Every structure is written in structure tokens, then in C-alpha cells.
Amino acid sequence: MRDRAWRRYMEERVVIRRMTRSIYTNRWWRGFEDVNGIDHQRPTIAIYIGTEIHFRAKTHTTTKWDTKHKVKYSPNKDQGYYRDDGNGQTREINKKIFLRILKDNGLK
Amino acid sequence: MDLNNLIPDKFRSLTNPTWIVKGQFVMFKKYEHIPVCFVEDDIVYIFLENRVPNAIIKLVKHLINIGVEFYFTTPELSNPKGVIEENYHDKVIKHYLYSHAQVEFFNGFRKIDFDLIDNMVKWTEKENCFDKVKANYESISKRVERKEYDFYSNNYSYEYKDEIREEFQSLYRHIQISKIL
């Protein structure tokens, strides 16, 4: 059953894996300050929660190599990670234009 | 006091593994089980965990509803290493003030009409350590007021929000008023 709980579990698994990798690759000679303002010499996964490393590990991109730069869950998902919105056809720009038209006509 | 009663009603079920009781702690699961509170002499002590602010706010709301006496403490106490006894009061007061400066707790406690500072003053009266509040307030206040100057745009940027910084300017007066009342 690939329901919401399953998707959350899969996403958590990726986040944990990325944070674990950070534990082994990063060294904090002066100690690592967690989100509670407490210093730790050897951080664990639980200590990373809420810090910049945790947010960086949250998966907004896919884990496969060939689709690494594809952004998930976005209406602009066919765009690359660094978006080229040069054609002006993105949802955000269209929304701005639409709001401007509403304002010009006194509807908002 | 049964620790299972401290878990908010909505989350207390056999199928929900997010809130559990393990040993002397109530724990909340976020990647790992994080200790949230424990009971000592019929008083509940909540760890002011900035890692799981929403869970803490829900727990506080639940404890207010069931009318249990509770205070907060530093998450360092959940570590088996513990805290040096001489620094215990300083650490707890500092953590109270530090958490008050965090946006999640600042807005969350305001939403449920809970006064964290008043709770801190009550705790200091209970432990007879009100004299340590001022020094800790000054050190946290310095941290909250921390700013950086950008030479090119001639602007100062602050780490904490304006609302929180304004609150901290008059916070010591608020503490003193809570002490008198």
C-alpha cells in the first residue's frame, strides 16, 4: 500500500541516510551547536533535527542519478532545478499578471 | 502519576507510535524518539525542545486542560550525562529565556495564552534562585540584539525578529512584575 504513511516513511529514510552521511563526513572541532543552543562534540541524527543540515537533507529532489535535478511535487516540475523562466509562462508570473489585470479593472 | 495520562488525548492510541512512554520519559518520535517530559514528586517537568516545538505546545495545552502543576527544564537533563549541579539553575533559566526568543515558542505560547516567563518566575521562587535571573537575562539579551552591518547597503540585519527584540527590551520589567504578583 503506497499511501501517505508509506511516502512519509520513504522520505524519512532518505533524510536519515543523508544526515548519517553528514555525521561521518563532517567534523566539528569546536563542537556542533544544536537548535537548543547546546554544544555537542559528537552529533547524532537526533541532534541534527531542526538545524540547517536537517533542512538541507530534506528531500525535495529525487534520489536517482538521472533525475537528480528534477524537482518533485511542483507544477513546474518539468523545469530543471535552476529554473529557466525566460518564456514567462510559469504559474507565479501568470498569477502576477492576472492580479495586475484585476487591479487595473478595479476588481481587487 | 501515570505517564500515559500526560499524552494528549488525540494522540493516545495503541496504533499511534508517535507518542510513547519509555522508562521514566514520555517521548515523541521525529526520526528518533525524543524525550518530552518526566515526572518528579508529582510535578511534571517538560523539556523545552526546540526540535519538536509543536509537540511541546500541544503537551502544554493538554497539561493546562487537566490542571497539573508543571515546569520546564533544559533538554540537557534528558542526556544521561546530566548537568553539573552548580550550573543547574543557570542552565534552566538561560534555556527558559532562550526558548522565549525562538519564534516557534514565542508565537505558539501566545496562541494558547500561556505565559512562559510567569512559569519561569514561579520555578525560580520554588528553587530559591531568583537572584540568578538578571545575569542570564543580560547574556541572552545580548544574543537577541546581535546584529550585522552591511557596508554596501548601509543596513543592519538582525538575527531575531523585531517583535522579539522589542519584547526583550522590556522583558526584565515583565519578570519583576510577575515576581511581585
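Helices here are DSSP runs of H or I at least four residues long, and strands are E runs of at least two. The model is predicted.

**Figure 1. Fold of chain B.** Along the sequence, the elements of chain B run β-β-β-β-α-β-α-α-α-α-β-β-α-α. That pattern holds seven helices and seven strands. Chain B has a radius of gyration of 18 Å, close to the 16 Å from the globule rule for 181 residues, so chain B is as compact as a globular protein of that length. Its C-alpha atoms fill a box of roughly 60 × 40 × 35 Å along the principal axes.

**Figure 2. Burial and contacts within chain B.** Of the 181 residues in chain B, 27% are buried. Take the contacts in chain B between residues at least 6 apart in sequence: 50% of them join residues at least 24 apart.

**Figure 3. Helix 2 against helix 4 in chain B.** Two packed helices are described by the angle between their axes and the distance between the axes. Helix 2 (residues 88-100) and helix 4 (residues 116-127) of chain B pack at about 170 degrees, with axes 10 Å apart. Angles over 145 degrees count as roughly antiparallel, and the two helices of chain B are therefore roughly antiparallel to each other. Helix 2 brings His89(B), Ile93(B), Tyr96(B) and His100(B). Helix 4 answers with Leu116(B), Ile117(B), Met120(B), Thr124(B) and Glu127(B). By class, this contact has five nonpolar, three polar and one charged residues.

**Figure 4. Contact of chain A with chain B.** Each chain, A and B, gives 10 residues to the contact. On the chain A side, helix 1 (4-25) and helix 2 (45-48) each supply at least two residues. The side of chain A that touches chain B comprises six nonpolar, three polar and one charged residues.

How values were computed. Residues numbered from 1 in each chain as written. Chains lettered and ligands numbered in written order. Predicted model: local features only at pLDDT ≥ 70, side-chain atom pairs only at ≥ 80, totals over all residues. Rg over C-alpha atoms; globule rule 2.2 N^0.38 Å. Buried ≥ 20, exposed ≤ 12 C-beta atoms within 10 Å, placed from the backbone. Contact = placed C-beta atoms within 7 Å. Nonpolar A, V, L, I, M, F, W, Y, C, P; charged D, E, K, R; others polar. Axes fitted to C-alpha atoms, helices over the stretch in contact; angles between N-to-C directions. Parallel < 35°, antiparallel > 145°, perpendicular 65-115°, else oblique.
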